[in-house]
Amino acid sequence: MGKNFKAILIGLLGGLAGGLVGIGGGIIMVPLMVYSLDFSQHSAHATSLAAIVPISVISASIYSFYGNMELNLAALFAIGGIVGAYLGSALMPHVKANILQRMLAIVVIAASIRMGLDL
Amino acid sequence: MMIMLAILTGVSTGILSGMLGIGGGAIMVVMAIALLNVSQHVAQAAALTAIIPTALTGVYKHHRNGLVNWQLVLYMSIGGVIGGLAGSYWANIMDEAILRKVFSIFFALIGVKLLISSYKKDTKKQGNSSRNDNHSTDVQNAE
């Protein structure tokens with residue numbers, strides 16, 4: 001299978017997942033790029049981020065078409081997100097990332113079980 | 001009040017993603033539902049839109065470091081746009097309760113991935129210098 005064809009397939013899967021659950025699709029694309037296209041983690045991340053832009057634009061348009069877009073909410077998220085990302089990177093050297101990550105992982109898994117089982 | 005909570009959601013998601021190198025989209029969805037009482041569909045739409053400026057900033061930075069393979073971006077985008085159309089059409093015709101369950105599966109996946117990478121960081125620390133550790137956090141700043 002050619003590299004470009006694989007790239008189309010990876011994009012397709014990332015787009016499907018991203019559009020379906022409202023995430024960028026990187027969680028699907030990055031590992032696939034590393035395993036099947038011999039990308040380094042770093043460059044897979046950078047390249048997938050660029051592909052996330054058109055995926056998000058097209059998906060957001062569809063949500064908007066169905067009347068599910070609240071632009072005010074999206075704008076507030078975006079503004080808060082950018083401010084938070086700066087704060088987070090500044091804090092990064094001062095925290096034990098692996099411990100925090102593990103704590104968050106447990107919260108995320110618990111929340112997903114709660115959501116999935118409707119508890 | 002609503003505005004404050006929305007900004008707070010964005011800021012705390014941003015802090016987590018900046019600090020831990022995880023994508024904020026999914027956490028934003030969960031927090032929006034819990035704090036702001038919006039529907040699953042509206043939360044997903046807002047997260048998808050909020051990702052765009054953050055991703056663009058990241059791409060600009062990575063492009064300057066020569067890390068973006070633009071030819072593959074083109075091909076991935078072709079697939080991505082088709083997939084994105086299909087996936088979001090599917091989500092929008094789906095019943096909210098079912099969509100929430102589908103979302104929770106992906107959210108669990110993110111949790112497991114976080115757990116695994118937190119252990120990878122441990123091993124790296126033991127085997128190598130802490131310089132590598134910083135690098136891997138940056139690397140995982142995907143999704």
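How many helices and strands are there in chain B? I counted 6 helices and 0 strands. Helices here are DSSP runs of H or I with at least four residues, strands are runs of E with at least two, and both are numbered from the N terminus.

**Ground rules.** I noted that this is a predicted model, where local features need pLDDT of at least 70, side-chain atom pairs count only at pLDDT 80 or more, and totals for chains, interfaces and linings use all residues. Residues are numbered from 1 along each chain as its sequence is written, while chains are lettered from A and ligands numbered from 1 in the order in which they are written.

**Chain B.** I read the elements from the N terminus on as α-α-α-α-α-α. Of the 143 residues of chain B, 52% count as buried. Buried means that 20 or more other C-beta atoms, placed from the backbone, lie within 10 Å of a residue's own; 12 or fewer is exposed, and in between is partly exposed.

**H2(B).** I looked up its span next. H2(B) has 12 residues and reaches 16 Å from first C-alpha to last, close to the 16 Å expected at 1.5 Å a residue. The expected span is 1.5 Å times one less than the number of residues. Its buried residues include B:Gly25, B:Ile27 and B:Met31. Just after H2(B), B:Asn37 takes a positive phi of about 60°.

**Where the chains touch.** I found 90 residues from chain B and 81 residues from chain A in the contact. Two residues are in contact if their C-beta atoms, placed from the backbone, lie within 7 Å. The side of chain B that touches chain A divides into 53 nonpolar, 31 polar and 6 charged residues. Ala, Val, Leu, Ile, Met, Phe, Trp, Tyr, Cys and Pro count as nonpolar, Asp, Glu, Lys and Arg as charged, and the others, Gly among them, as polar.

**H3 against H3.** At what angle do the axes of H3(A) and H3(B) cross? They cross at roughly 150° and come within 8 Å. Axes are lines fitted to C-alpha atoms, for helices over the stretch in contact, and angles run from 0 to 180 degrees between N-to-C directions. H3(A) is therefore roughly antiparallel to H3(B), a term for angles over 145 degrees. I listed the residues making this contact, among them A:Leu49, A:Val53, B:Leu48 and B:Ile52. By class, the contact has 15 nonpolar, 8 polar and no charged residues.

**A:Val108.** I placed A:Val108 in helix H5 (residues 97-117) of chain A. A:Val108 is buried, with 23 other C-beta atoms within 10 Å. A:Val108 touches B:Phe107, B:Ile110, B:Gly111 and B:Leu114, not counting residues up to four places away in sequence.

Note on methods
Parallel < 35°, antiparallel > 145°, perpendicular 65-115°, else oblique.
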